[in-house]
Amino acid sequence: MRALIAFATVTGVPAMVLAAAVNLPTDACDGPHETVLRAQAPLPVDLSGARAAWLDAVHLRWAGAPMDGRFRLVGSRDARLVLAEGEPVRGADIALTLDVVPPLPPASARQRFSHIGEGPTLAVREHDRSRLKALHQGQVMLLREDMRGRTLAATAVQVAGALDALYVAAGSVPDLGAAPTALGTRFKLWAPTAQRVAVCMYDRGDAKARLARAMQRDPRTGVWSQSLPTDLTGRYYAYLVDVYARGRGIVRNLVTDPYAVSLTVDSARGYIADLNAPALKPPGWDATPTPQRAAAPTDMVIYELHVRDFSINDLSVSAPHRGKYAAFTEPGSDGMKHLRMLSDAGVTDVHLLPIFDLASVPERGCITPQVPEAAPDSDAQQSTVMRGAATDCFNWGYDPWHFNAPEGSFATDAADGAVRVRELRAMVQALHRANLRVGMDMVYNHTAASGQHPKSVLDRIVPGYYHRLDADGGVERSTCCENTATENLMMAKLMIDSAVVWAYEYKIDSFRFDLMGHQPREAMERLQRAVNAATGRRIHLIGEGWNFGEVKDGARFVQAAQGRLDGSSIGTFSDRARDAARGSGFGGPEEVARARGWIHGAGSAAQADLVRVGLAGTLAGYETLNRGGVRQPLARIDYNGQPAGYASQPGEVVNYVENHDNQTLFDNNVIKLPIDTSREDRARVQVLGAAIVALSQGIAYFHAGQEILRSKSLDRNSYDSGDWFNRLDWTLQDNGFGAGLPPARDNKGHWALMQPLLAASAAIKPTPAEIAWTRDAFLDLLRIRASTPLLRLRSADEVQRRLKFEVNGMLQDPTLIAGELDGAGMPDAVFDRVLYFINAETVPQTMARSLDKQKAWMLHPVHRAPGAADRRAAGATYNPEDGTFTIPPRTAVVFVLER
């Protein structure tokens with residue numbers, strides 16, 4: 001308490017004087033995450049929301065307020081406002097009278113703040129505008145009063161529009177965070193509404209503070225800074241921020257730096273580092289090149305992988321490295337041998353699920369539950385797993401805590417900020433040496449917490465700014481968690497600056513953006529320019545372009561969503577062919593079981609159309625025959641009331657049939673195929689799904705384990721289902737099926753459907769022979785895709801000119817799809833023509849092509865190779881006498897005309 005009093009005694013001293021003052025007492029630096037310095041007076045329930053918003057520096061709109069009465073802004077630096085309907089406000093130390101003005105003309109302002117409904121637009125008078133920055137440093141309320149000054153209504157005001165306009169210069173500050181040099185260490189933190197900020201320094205991550213120094217506020221940018229004449233590399237730091245928090249009052253927050261580049265254990269304090277320091281680089285880091293394997297987005301073949309999944313069960317990895325970044329540095333492990341095999345066949349990128357600092361895994365003392373041996377349909381396994389889920393070592397990691405720092409649970413020593421940096425780099429280096437580019441899953445659309453929660457960072461520095469708010473001032477949660485507002489200047493800057501750190505400092509080659517449709521296209525394009533400029537190379541961007549929530553249909557800005565990224569070269573995941581191929585996974589258990597996909601052999605003409613949409617790159621303008629025999633662009637084909645084709649270029653589409661979300665393809669097939677389907681046919685159906693992706697124009701995307709029949713024992717959402725349900729076995733002995741009923745949390749409503757399937761595990765679960773065959777057939781598909789750029793065309797014009805579904809429409813059986821690619825005039829095409837067939841039926845199918853009589857069609861060289869995995873595919877035939885092709889059941893086959 002002594003430090004709190006001592007710090008408070010200097011509150012009347014100007015910030016510039018404080019910055020040069022003697023050291024402050026350090027007790028507060030070791031204290032709780034929040035200390036309430038002055039609690040605000042309770043507000044009546046009907047006055048506690050924030051139903052008004054700043055539209056810019058001087059204009060506000062108050063939703064639903066009548067036009068009559070007097071409007072005023074009142075503020076109290078010490079949070080002393082007392083409000084009651086019918087009474088004059090008390091405790092204000094600043095009051096600004098507002099004028100009712102016509103609505104603002106810019107469409108962008110109306111769109112950005114569309115969640116604030118109709119109501120009067122108010123303006124701060126010219127002579128009061130110089131007081132606005134001071135106003136925002138305390139409690140602020142917007143009042144509607146009668147002529148006697150009695151309160152008729154009141155609301156707090158959403159601040160983002162004002163802070164963006166008042167502190168626009170902050171967007172150009174290049175060096176937020178901690179920067180050590182031989183001459184000293186400089187700290188910068190953007191906190192424009194804070195009243196005081198101090199930096200705390202610690203010799204170790206678990207040590208008591210050795211120094212607390214007040215920081216200086218720049219009134220132009222709202223950035224607080226402090227420079228110390230010592231190189232503090234290797235030390236740790238945090239900030240004390242005195243700021244008004246709505247509903248709390250004036251609080252002192254002990255908070256980490258959102259720009260911290262590393263952390264101590266459990267993210268308690270930031271780590272001071274120059275990322276260019278040799279001590280933070282594995283040997284050979286600077287000299288290790290990035291693989292040059294993706295000259296265009298469509299060259300990418302992506303393999304999505306979780307760091308812990310990769311090695312936690314791999315006994316060929318040394319025990320201390322299992323589940324860690326360091327596992328990738330053991331080239332002789334089964335996992336790394338598998339990745340090199342994939343790389344040699346054609347995988348270009350390993351995309352890692354979140355490796356930034358995340359909030360859900362304890363970095364010290366996490367547990368691995370001892371799961372009991374039980375029947376394949378028992379609920380005992382999931383019961384044990386879920387009892388320890390909050391403290392175990394596993395989570396997907398979609399709960400960001402610090403965007404710029406590596407996650408510590410993947411490091412061999414989470415307490416040492418240098419280790420996580422060095423080991424993550426060593427992982428990237430090892431993958432690069434395996435000729436694999438490295439992609440990273442970026443989750444800027446939400447944070448793990450907001451408000452005064454201990455794991456909230458942004459909101460405890462600039463309350464109410466970084467998160468997207470609803471009409472009443474609450475944080476939107478449509479993404480799952482606390483939605484961020486990347487339409488706001490400094491949240492977009494944080495996202496862009498963070499991506500630059502990962503691309504430049506860690507040599508990340510490509511990024512996948514979680515729920516990218518919740519971010520503005522404009523911000524994503526600025527990010528693209530920034531990472532390219534920083535690295536001097538093209539960093540490929542893909543993301544989930546789903547259109548939902550409070551931003552749906554461009555409600556607040558032009559989204560980085562499906563159909564809204566034309567010409568950007570940013571790719572979005574396409575659900576069109578995915579849903580058609582595997583069948584819907586939504587609805588009740590019976591509905592899901594009935595919703596069979598095209599690969600299950602009972603495909604409809606509508607599903608076949610959507611599979612062809614995917615094969616043609618989901619291009620809006622690509623024209624082909626539909627199931628009715630009518631030639632039309634893909635944008636005219638229906639997908640759940642939306643255009644099936646939406647992309648302008650093939651590089652704007654990511655094709656997939658499985659990723660970490662939802663059930664694996666194997667589990668999906670278990671539910672949708674007849675229970676008596678043979679193991680061999682289950683493997684063949686799995687390969688059909690992979691074939692659709694491998695043969696599609698656009699970016700190819702595969703989930704780790706898809707090639708080895710990976711099962712999560714039917715789990716529909718394994719984000720927190722532990723190592724038990726997320727296992728990978730690189731020895732190909734066990735695919736994970738029959739590990740018990742999946743966790744009740746997201747699956748109990750489907751247990752009645754799942755239990756008999758799991759009980760039949762002995763008949764369904766693949767043997768090592770089927771797993772190995774599936775892997776080898778998958779590798780052959782990769783080799784076929786890599787063999788010719790005809791399967792990786794770079795422009796919509798090229799796709800239209802070269803790809804033809806020549807026998808389709810009303811003449812084609814919907815369970816057999818054929819596509820032909822013309823290599824004429826393409827010097828590097830390797831083949832004159834490529835013709836692929838995908839037969840989803842359980843019987844052979846024949847297709848007669850009269851124009852192909854007396855041609856020299858032959859099987860693709862991969863199919864003809866002595867070691868070809870799928871001997872059934874090698875049995876496909878072409879009869880030159882009548883131009884007839886015969887395709888074996890449940891088989892994908894590629895023929896070529898060689899040059």
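**Strand pairing and helix packing in the predicted model**

In strand 7, Met 141 is the bridge partner of Val 74. This pairing, like every feature described below, is taken from a predicted model. Strand 7 (residues 139-145) and strand 4 run antiparallel and are joined by seven bridges, while five bridges join strand 4 to strand 5 (residues 94-101), again in the antiparallel sense.

Parallel pairing is found around strand 20 (residues 349-352), which is joined by four bridges to strand 19 (residues 301-305) and by four bridges to strand 23 (residues 437-442). Asp 349 of strand 20 stands opposite Ile 302, and Asp 349 also stands opposite Arg 437 in strand 23. In a regular strand the side chains alternate between the two faces of the sheet. Both faces of strand 20 are covered, with Asp 349 and His 351 buried on one side and Val 350 and Leu 352 buried on the other.

One consists of five strands in the order 35-36-37-42-39. Its edge strands, each of which pairs on one side only, are strand 35 (803-804) and strand 39 (858-859). Helix 14 (residues 605-615) packs on this sheet, where it touches strand 35, strand 36 (816-822) and strand 37 (831-839), and the direction of the helix makes about 25 degrees with that of strand 36. Strand 39 pairs with strand 42 (residues 891-898) over two bridges in the antiparallel sense, and the bridge partner of Leu 859 in strand 42 is Phe 895.

The other open sheet has three strands, arranged in the order 38-41-40 and paired antiparallel. Strand 38 (845-848) and strand 40 (877-879) are the edge strands, each pairing on one side only, and the twist from one strand to the next averages 15 degrees. Strand 38 and strand 41 (residues 884-887) run antiparallel and are joined by four bridges, with Ile 887 of strand 41 as the bridge partner of Gln 845.

Among the helices, helix 11 (residues 521-535) has 15 residues and reaches 21 Å from its first C-alpha to its last, close to the 21 Å expected at 1.5 Å a residue. Its buried residues are Arg 521, Ala 523, Met 524, Leu 527, Gln 528, Val 531, Asn 532 and Thr 535. These residues lie on the same side of helix 11 because they cover an arc of only 170 degrees around the axis. On the other side of helix 11, Arg 529 and Ala 533 are exposed. The cover over the buried residues of helix 11 includes helix 10 (489-505), strand 26 (510-513) and strand 27 (540-543). Gly 536, which follows helix 11, has a positive phi, near 70 degrees.

Helix 16 (residues 679-694) comprises 16 residues and reaches 23 Å from its first C-alpha to its last, close to the 22 Å expected at 1.5 Å a residue.

Packing between helices was examined for helix 7 (residues 334-345) and helix 21 (residues 768-787), whose axes are 8 Å apart and which pack at an angle of about 35 degrees. Helix 7 contributes His 338, Met 341, Leu 342 and Ala 345, which meet Arg 775, Phe 778, Leu 779, Leu 782, Arg 783 and Ala 786 in helix 21. By class, this contact has seven nonpolar, one polar and two charged residues.

Backbone torsions were considered last. Most residues other than glycine have a negative phi. Leu 714, by contrast, has a positive phi, near 75 degrees; it is found in the loop between strand 34 (699-703) and helix 17 (722-725). Because its relative accessibility is 0%, Leu 714 counts as buried. A positive phi, near 65 degrees, is also computed for Leu 732, which lies in the loop between helix 17 and helix 18 (744-747). Leu 732 is buried as well, with a relative accessible area of 8%.

Technical notes. Residues are numbered from 1 along each chain as its sequence is written. This is a predicted model: local features need pLDDT of at least 70, side-chain atom pairs count only at pLDDT 80 or more; totals for chains, interfaces and linings use all residues. Side-chain values use heavy atoms; hydrogens and water are left out. Axes are lines fitted to C-alpha atoms, for helices over the stretch in contact, and angles run from 0 to 180 degrees between N-to-C directions. Contact means heavy atoms within 4.5 Å. Ala, Val, Leu, Ile, Met, Phe, Trp, Tyr, Cys and Pro count as nonpolar, Asp, Glu, Lys and Arg as charged, and the others, Gly among them, as polar. Two strands pair if DSSP finds at least two bridges between them. The expected span of a helix is 1.5 Å times one less than its number of residues. Buried means under 20% relative accessible area, exposed over 50%, partly exposed in between (1.4 Å probe, protein chains only). The arc is that of the directions from the helix axis to the C-beta atoms.
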